[in-house]
Amino acid sequence: MMAFHASALDGVARNPALPTALLLRLLAFGADGDRPPRDVLHRAGLPESAVALILAHPNPGVRIDFAMSARAEPAQRARPADDPSPKVRAAPAHGPEVHDPPAKLAPLPDAVRARLLDNPDHAVPAALPKSPHPAPTSLAAMATHHRAAARREAVRAWDALPAGERPALPADPDPEVRRAAELQECQQDARVSAGLLREPKSAAEALHRGLLDRAAAERCAAERTHLASLAENPSLPAGLVERLAADPDEAVRLAVSPRPELDETRRMAIDVTAGDRDTGGGVWRVRDGLAGPEVMRRAAAWAHPLLRRAATRSPRLPPDLLRLLARAEDPMADILLGVHHPDTPQEVLMRVFARPGGTFSAWMAQTHPPVPPRGSGHPLREPPRREPPPAVRDPAATPDLIERLSHDPAIRTRQAAARDPRLPLHRLREALLLPEPASSAGANPALPEDGTATVLDRTGVPARPPGTTGLLAPRSEGCDPPTSS
C-alpha cells in the first residue's frame, strides 16, 4: 500500500460525510489480521450497525480502542465489559480519561461497574481505580464489596463517600484497605497518626498529611525522619517551621518554603530554587482545594512559584484568582491552568501552544475544550508561525482561489485547501493521489461516495473481506462473538 493511499484512508476515517455503507466496510477491514484506522473507531454518533461490527471484530485492539473512545456514550463504552478477552474487558474499566485527561465524561453505568468489579480476571477490577471519574452512586456499594480492590477504590474517593460508610473501612480485614482508610482518618486524629508513624510503610505519608501533636513532630525532627514530608505537614508547630527553613538539606528547605503561614519576606529569604517542572504538589491542601479561601488567595497572589502552581491545580479556584494566575506568565502554571480548568483564558493557551519544544503543551492546548475546531482558522488550531494565508480561511473565497491555493508551495496551505469543501471536484480527486494533501483530501466532506470508495479500493479494503460474511451484517441472536484474548 503506497503511503499516500494510507494517508487518504486516515482522512476518510475522519470524514464527517462518510456514507454508512462505506463506514461499515471500513470498520470490517482487518478480518485477516489488519485493522481499520483508529479515527474511525473514535467517531461520534456511530450507528448501532457500526457498533455491532466493532464489537464482533476479530482483532481485540479494535474492540479496546472503541471501549476507550471519548466520543462514545457511556452505554456504548460499557458493552465491551462482557467481551471474551480480559484485556478488552479492562478497557472500559480504564476509561477514555487514561489517554485523554482533559475529558470530563459521564461514568459507566453502576451495573456495569459492578460486573467489572466481580470479574474473575484480576486485571479487570484492578483497572477501575485508575479511572478518575467513578460514579458517586456506586461508591457506597464499593465500600462494602467482597473484593478488597473495590474497597480500596472506595477509600480513594473518601470525601465523596457517605459518612455512614466510612467507619468500617479502618477496621477492614484487608491490611491495605485499613492503612488507606487510616491515612484518611489521620488528618483529623493525632492518635491515628501516632499509630501510623510506627509503621514503616505508612510513616512518610502520615508525616505528610496527618494531624501531629508537638511531641511527635519534635521527635521526628530530631531523628530526621522523612523531614521533607514533615516540612509540608499542615499541623507543623511554628517553631519547627523556622528550624526546618534553615535545614542544611535543600529538599527540606524547599518543602517548607511555600508554607502559607510564612510572610513573603521570610519566604523569599529561604535559600531555595524551585525547579521549572515542579508543579507544587507538596502544597497539597492548596492543590486539593482543602485550604480556606484566605489561604488560597495568598497562595495565588504571592511570588513563590510553588504556591502559585499549587493554586492553579485547585478544583475550587474562583474565577478572579484564575484571571490573576493567568497574568503570571509562569510556563508551568500556564500548563496547569489549561489542564485543570476548562475556562482558562485563550491567551494562556496561546502562550502554551506557541512555546517552542513543548510537545505536551501543544497537545494540551489542542485538546482543550474552548479551542475552536480544526479548520476554523483560530490561531490555537493554526499556529501563527505556520498557518496558511488568510485567503484559505476567507468565507468569501471562490472555488478558483481555493484551487490555486491547492498548488501553493507551502505544504500547510495545500493541505488546508484540500480540506476545503469549495475545492473543485477534479482537483480534490487529484489531491487524493498526492503525498502531502492526501489525508486532508480524504477528510473533505465534499468528497463524493465514489471517490471515497476508490480510496478504500486502492488501500486494499475489501468490499467483503474473506471469512467475514457475518461481520458485515448484525450477528444473529444467540451467536457468540469471536473469541480472542
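Let's start with charged pairs: the count comes to 23 salt bridges, where a salt bridge is a side-chain nitrogen of Lys or Arg within 4 Å of a carboxyl oxygen of Asp or Glu. Keep in mind that this is a predicted model, in which local features need pLDDT of at least 70, side-chain atom pairs count only at pLDDT 80 or more, and totals for chains, interfaces and linings use all residues. Residues are numbered from 1 along each chain as its sequence is written, and side-chain values use heavy atoms, with hydrogens and water left out.

**Stop one.** Select Arg-151 and Asp-172, whose side chains meet in a salt bridge at 2.5 Å, N to O. Arg-151 sits in helix α11 (residues 148-156) and Asp-172 in the loop between α11 and α12 (175-185), 21 residues apart. Helices here are DSSP runs (H or I, at least four residues), numbered from the N terminus. Arg-151 is buried at 9% relative accessible area, and Asp-172 is buried too, at 5%. Buried means under 20% relative accessible area, exposed over 50%, and partly exposed in between (1.4 Å probe, protein chains only).

**Stop two.** Now pick Arg-191 and Asp-189, a salt bridge with its closest N and O atoms 3.7 Å apart. Arg-191 is exposed at 71%, while Asp-189 is partly exposed at 24%.

**Stop three.** Jump to Arg-429 and Asp-450, paired at 3.2 Å, N to O.

**Stop four.** Finish on helix α4 (residues 48-55) and colour its buried residues: Ala-50, Val-51, Leu-53, Ile-54 and Leu-55.

Definitions and conventions
Helices (H or I, at least four residues) and strands (E, at least two) are DSSP runs, numbered from the N terminus.
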